[in-house]
Amino acid sequence: MQFYTRAQSLLPGFLISCLIALSAQFVSEHYGAPAMLMALLFGIALNFLSEEGRCKEGISFTARTVLRVGVALLGLRISFGMAADLGWSVAGLVIGGTVSTIAFGMVVARFFGHGPRFAFLSGGAVAICGASAAMAIAAILPKDERSEERLVFTVVGVTLLSTIAMILFPVIAEILGFSGQAAGIFIGATIHDVAQVVGAGFSISDETGEVATAIKLMRVAMLAPVILVASILVRRLATVSHSLERPPLLPGFVIAFLALMSLNSLGVIPAIVTQFATEIAGWALLTAIAAVGLKTSLREVIKVGVPAIALLVLETVFLACIIIAGLLWLNV
């Protein structure tokens, strides 16, 4: 009976989030707009639904719990063999680019008037996998009154930058004279969202598209260790400062991510199950970002301002420069 009552209270908000996700996917498939961005904008337009009434509780549940389910299921897209297939020098370049971009964001954010929370959120989103990484990182950061607006701004920013990069980066790869493999590494290691990586890679050639996708999934695999380190740091800070909520050492959704990645690497999960689970992951993340949009007031997002835009752009340019320099040095 308690379960039924709980489900009944969550259902309206969950269903409105699903409806927005379906609408965003329809617009994406028919008009080519990024589905994540559309879900976010549609959600923001219906922000009043989260302020009071029957939908409020379900929207909060979707923005938190459904998000974590989606992030956990991403583990089925990753395997430990990816690094070996592409070569350890390339894997080192991708890992180095990811870590250095996050560190760069943490250092320069103060010059743009932002604290460590937005610095880590934006740097992680740019370095790892765009909107998905932003939502996963936001899930483990201590909450304050500006947490939602920072997340929404980051998701909108990296999605727009990813779309711009999808158009520009293949041109840059051609100007630099990259081979099909090198172009794939460059695109997979620099563009934020998976869909835009696939679009940019296959716009050059099938070989470039396949390499770009593999490199991108290697970046997605960085999500677990980055969140693990962040969780440990947040936990230590919470121990020092009693004003912060002390999170678990390793969030449950990260444990699930690692477990599924390990099972996928061992090859014990049938391909049809993996394909179905990754589809579910995509829909879970799309529904969660719709709920995040529903919880967000556009007026509050605008307050984040020009310095935040400049920080995201600078982090994106920094990552691209690191990867280009690495590829030229490795002579791939």
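**Contacts, rings and surface**

Reply: Among contacts (heavy atoms within 4.5 Å) between residues at least 6 apart in sequence, 79% join residues at least 24 apart. This is a predicted model, where local features need pLDDT of at least 70, side-chain atom pairs count only at pLDDT 80 or more, and totals for chains, interfaces and linings use all residues. Residues are numbered from 1 along each chain as its sequence is written, and side-chain values use heavy atoms, with hydrogens and water left out.

Me: How many helices and strands does the protein have?

Reply: 16 helices and zero strands, taken as DSSP runs (H or I, at least four residues; E, at least two) numbered from the N terminus.

Me: And how many aromatic pairs turn up?

Reply: Four, over the whole structure; ring centres of Phe, Tyr or Trp (its six-membered ring) must lie within 6.5 Å, with planes under 30 degrees apart stacked, over 60 edge-to-face and the rest tilted. F104 and F318 are stacked because their ring centres are 4.1 Å apart and their planes are at 0°.

Me: Where do F104 and F318 sit?

Reply: F104 is in helix α5 (residues 88-108) and F318 in helix α16 (residues 306-330), 214 residues apart, so the pair links distant parts of the chain.

Me: Is F318 buried, exposed or partly exposed?

Reply: Partly exposed, at 22% relative accessible area; buried is under 20%, exposed over 50%, with a 1.4 Å probe and protein chains only.

Me: Which residues do ring pairs link into a cluster?

Reply: F169, F178 and F186.
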